[in-house]
Amino acid sequence: MRSLIDILELSTKELDRLLATADDIIENPEKYAHKCAGKKLATLFFEPSTRTRLSFEAAMYELGGMCLGFSEAQSSSAAKGESIADTAKTVSCYADIIAMRHPKEGAPLVASMNASVPVINAGDGGHNHPTQTLADLLTIHREKGHFDNLTVGLCGDLKFGRTVHSLISALSRYKNINFVFISPSELKIPDYVKESLRKSGIPFTETTDLEAVISTLDILYMTRVQRERFFNEEDYLRLKDSYILTPEKLETAKADLSILHPLPRVNEISVAIDNDPRACYFKQVLYGKYMRMALILMLLEVE
Ligand code: NCD
């Protein structure tokens, strides 16, 4: 039995398999419509979510399975003081697989150590978000056809943005990747991430100026400033509109730039860009569902 807590638990070979399965689901959805008949997915969400929870549930329904769960901590026994370990043991009695989101870093890992069914990390605090990375990877793969030789700009809240951390880990395993980190100085990429890039000899640069680097990028991954991780509202208000991507700022960008965003968008991308052929963020939402279908099949060991 296998869980998914960190994206690096999947080898690049396994990622290729997931991407191929997702492509096949897109081509032949009827082939998969009953693969998980009789199986149940529990979504345990201790933090707000639209895409991640609903795409997990849609994924399970499209595989012919069923879903149960809760979407806020207050409606679960966590509100009475139940531990993650006990919740995981309990839900293992009801479901075949669990997707958990929690504000505390490491909570899904603790759940996986206590559950008797696979646990998927659906976002843990400001740490990791491996299934968003699966959505991001399918988007990049379908747009570019490969992961090698890309200059990838990540812009916004690189400190608390968990999707950023998981995506960097995943892309670090490909050849000739070059990262450009664009953030206010208060929201820089954490040292532990930089340290691991240095160790692996992966080039990266840091800047506060999006316009100065936009012309060099193949991928631009925009992110929201993570208000819920701030200690005070004043800092959030000062930093929240640090970057707003507008059609004017895109003037010097490559014609084949791919613009990604894990969403929700607050102000980071002007809606005027939504119809630009380079905007991939709504495709990315759809791809997230297909990758979650592929992942559920893999973890449930469904042929
Ligand atoms: C992200 C998250 O929850 O980390 N959302 C998502 O799952 N697509 C990004 C965010 O909330 O900013």
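I started with the largest cavity, where helix 10 gives the most to the lining, with five residues. Helices here are DSSP runs (H or I, at least four residues), numbered from the N terminus. A cavity, on a 1 Å grid over the protein atoms alone, is a set of points where a 1.4 Å probe fits but cannot get out, and lining residues have an atom within 4 Å of a point.

Before going on, I noted that this is a predicted model: local features need pLDDT of at least 70, side-chain atom pairs count only at pLDDT 80 or more, and totals for chains, interfaces and linings use all residues. Residues are numbered from 1 along each chain as its sequence is written, and side-chain values use heavy atoms, with hydrogens and water left out.

**Cavities.** I got a count of two cavities of 30 Å³ or more. The largest has a volume of about 60 Å³, a volume being the space filled by probe spheres set on grid points joined across faces, edges and corners. Its lining includes Arg-51, Gln-132, His-261, Tyr-281 and Arg-292. Helix 2, helix 5 (130–144) and helix 10 each supply at least two lining residues. Domain 1 (7–128 + 288–299) and domain 2 (130–284) both contribute to this lining, so the largest cavity lies between them. The domain bounds come from an automatic or database domain assignment.

The second largest cavity holds about 40 Å³ of space. Among the residues lining it I found Gly-156, Lys-240, Asp-241 and Glu-268.

**Pockets.** A pocket is an open set of points with protein on both sides within 12 Å along at least five of seven lines. I looked up the largest pocket and found a volume of about 380 Å³. It is lined by 20 residues, and Arg-101, Arg-162, Arg-224, Leu-263 and Pro-264 are the closest to its centre. Helix 2 (51–62) and helix 6 (162–171) are the elements that give two or more residues to that lining.

The second largest pocket has a volume of about 240 Å³. Of its 15 lining residues, Leu-8, His-165, Ser-169, Tyr-192 and Ser-196 lie nearest the centre. Helix 7 provides the largest share, four residues. Both domain 1 and domain 2 give residues to this lining, so the second largest pocket lies between them.
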